[in-house]
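Open the model in a viewer and keep the selection panel at hand. The stops below say what to select and what is found there.

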Amino acid sequence: MADFDVHGLRIGQGMDVHAFAPNRKLIIGGVDIPHHQGLDGHSDADVLTHAVMDALLGAARAGDIGKLFPPDDPAYEGADSIKLLEHVAAHIRSLGFEIIDVDSVIAAQAPKLSPHRDKMRENLAAAMGISVDNVGVKATTTEHLGFEGREEGISATATCLLARC
């Protein structure tokens, strides 16, 4: 890890939400999760990876994923969000920042996500070029409350720490 000044630290927060949709794969953290429906979106609708990208871009004060990858641009239809995260990580570095740490939470009543947590961490870490030890992924239910609890969709939040190098 590069040397950094504590005054060059930046914290970012990201959030994403997608509704369930039939006839789509459920991709979360770059993992294809067996489920009877996937998430609706222009890209692969990877709610976790989208939240991580927004956290990184926010910490660097570089806009959001909609600015970088417009949802009406046909080039991103069905896009692999892990590949987009690789692009975001490179962009963050080009702005003079190192990614220090990322933590996240996925809210979903179903399916059960904990069996896939380690692979999600590995995928996110590899895409960002950081150690898996610096990536946290947690999953929770909403105790049948809200749209997640009614199994209408999934949400994710992410927080990151960047350092200016």
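## Tour of selections

This is a predicted model, in which local features need pLDDT of at least 70, side-chain atom pairs count only at pLDDT 80 or more, and totals for chains, interfaces and linings use all residues. Residues are numbered from 1 along each chain as its sequence is written, and side-chain values use heavy atoms, with hydrogens and water left out.

**Stop 1: the aromatic pair**

Select Y76. At 21% relative accessibility, Y76 counts as partly exposed (buried is under 20% relative accessible area, exposed over 50%, partly exposed in between, with a 1.4 Å probe and protein chains only).

The structure holds one aromatic pair. Its rings belong to F69 and Y76: the centres are 5.2 Å apart and the planes are at 70°, so the pair is edge-to-face. The rule takes rings of Phe, Tyr and Trp (its six-membered ring) with centres within 6.5 Å, and calls planes under 30 degrees apart stacked, over 60 edge-to-face and the rest tilted.

**Stop 2: two helices**

Select residues 47-59, helix α1, and residues 81-94, helix α3. Helices (H or I, at least four residues) and strands (E, at least two) are DSSP runs, numbered from the N terminus. How do the axes of α1 and α3 cross? They come within 10 Å and cross at roughly 10°, which makes α1 roughly parallel to α3. Axes are lines fitted to C-alpha atoms, for helices over the stretch in contact, with angles from 0 to 180 degrees between N-to-C directions; under 35 degrees counts as roughly parallel, over 145 as roughly antiparallel, 65 to 115 as roughly perpendicular and the rest as oblique.

Show the side chains where the helices meet. T49, H50, V52, M53, L56 and L57 of α1 contact S81, I82, L84, L85, V88, H91 and I92 of α3 (contact means heavy atoms within 4.5 Å).

**Stop 3: A51**

Stay in helix α1 and pick A51. A51 is buried, with a relative accessible area of 0%. Beyond neighbours within four places in sequence, A51 is in contact with G14, M15, D16, A156, T157 and A158.

**Stop 4: Q37**

Finish in the loop between β3 (31-33) and β4 (38-39), where Q37 is found. Is Q37 buried or exposed? Q37 counts as buried, at 16% relative accessibility. Leaving out residues up to four places away in sequence, Q37 touches F20, A21, P22, R24, L26 and E151.
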